[in-house]
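Thanks for coming, everyone. Today I want to walk through some charged side chains. Please look at the screen.

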Amino acid sequence: MATLAKKSAQASGSGDKALVLTFMDGSGRIAIDRVADSFGMSKTQLAETVGLARESLYKAARVGTLKTQARVREMLEIISRVSEWAGGKEQAMAWYRAQPIPAFGGRTAEALVKDGKAGAVRDYLDHLAVGGFA
C-alpha cells in the first residue's frame with residue numbers, strides 16, 4: 001500500500017513539472033506574461049492571486065527573483081494537481097481561488113499560497129490522490 005501511495009505522489013509531482021515547463025522561457029524562468037495570458041488575467045491580477053505586490057510582475061528586476069518565481073511556480077503546481085479532476089486548468093484556477101478547503105478551516109488554496117503554505121496544500125492534494133479523506 002505504501003508503494004501505491006508513493007507512486008501516486010510521484011505521478012502527481014511529474015504532472016506539476018509538466019505544467020510549469022510549458023511556461024518556462026529560454027532562460028529557465030517562468031514567463032509571467034504567458035501565465036497571465038493563459039489564465040486570462042492581467043499581471044496585476046496574477047500578482048494578487050499569488051500574494052505578491054504588483055511591481056513584482058511588472059519590473060524586470062523583480063520578475064526573476066526567487067520569491068516571485070517560487071510563488072508563481074507554487075500556484076502552477078497546485079493547479080496542475082487539480083486540473084484533471086476539475087475539468088481543465090481554467091476550472092482548476094477557479095477551484096484554487098474560490099473553493100474553501102475544510103481541512104484548512106475553510107481557507108482557499110489561494111489564501112494558503114499567499115501565506116507561504118503551498119507545501120501544505122500539495123501534501124493535502126497528495127493525501128486525496130491516494131484515497132485519503134478530505
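**Charged side chains, buried and paired**

Let's start with Glu-110, which is buried, at 10% relative accessible area. Keep in mind that this is a predicted model.

Glu-110 forms a salt bridge with Lys-114, at 3.7 Å from N to O. Both sit in helix α8, residues 109-114, four residues apart, so about one helical turn separates them. Lys-114 is partly exposed, at 35%. Arg-97 joins in too: Arg-97, Glu-110 and Lys-114 are linked in a network of salt bridges.

How many salt bridges are there by this rule? The count is seven.

Next pair. Glu-77 bridges to Arg-122, with the closest N and O atoms 3.1 Å apart. Glu-77 is in helix α6 and Arg-122 is in helix α9, residues 118-129, so this pair ties together parts 45 residues apart in sequence. Glu-77 counts as buried, at 14% relative accessibility.

Then Asp-126 and Arg-81. Their closest N and O atoms are 2.5 Å apart, in another salt bridge. Asp-126 belongs to helix α9 and Arg-81 to helix α6, so here too the linked parts are 45 residues apart in sequence. Arg-81 is buried, at 18%.

Now Arg-71. You'll find it in helix α6, residues 66-86. Arg-71 is buried, yet has no salt bridge. Which side chain of opposite charge is nearest? Glu-74, at 4.2 Å.

What does the Arg-71 side chain reach instead? The backbone oxygen of Lys-114, at 3.3 Å. A polar atom of the Arg-71 side chain also lies 2.9 Å from the backbone oxygen of Val-50.

Conventions. Residues numbered from 1 in each chain as written. Predicted model: local features only at pLDDT ≥ 70, side-chain atom pairs only at ≥ 80, totals over all residues. Heavy atoms only, no water. Helix = DSSP H or I, 4+ residues; strand = E, 2+ residues; numbered from the N terminus. Buried < 20%, exposed > 50% of the residue type's maximum accessible area, 1.4 Å probe, protein only. Lys, Arg positive; Asp, Glu negative; His and termini not counted. Salt bridge = Lys/Arg side-chain N within 4 Å of Asp/Glu carboxyl O. Polar contact = N/O pair within 3.5 Å; in protein donor to acceptor, adjacent residues only side chain to side chain.
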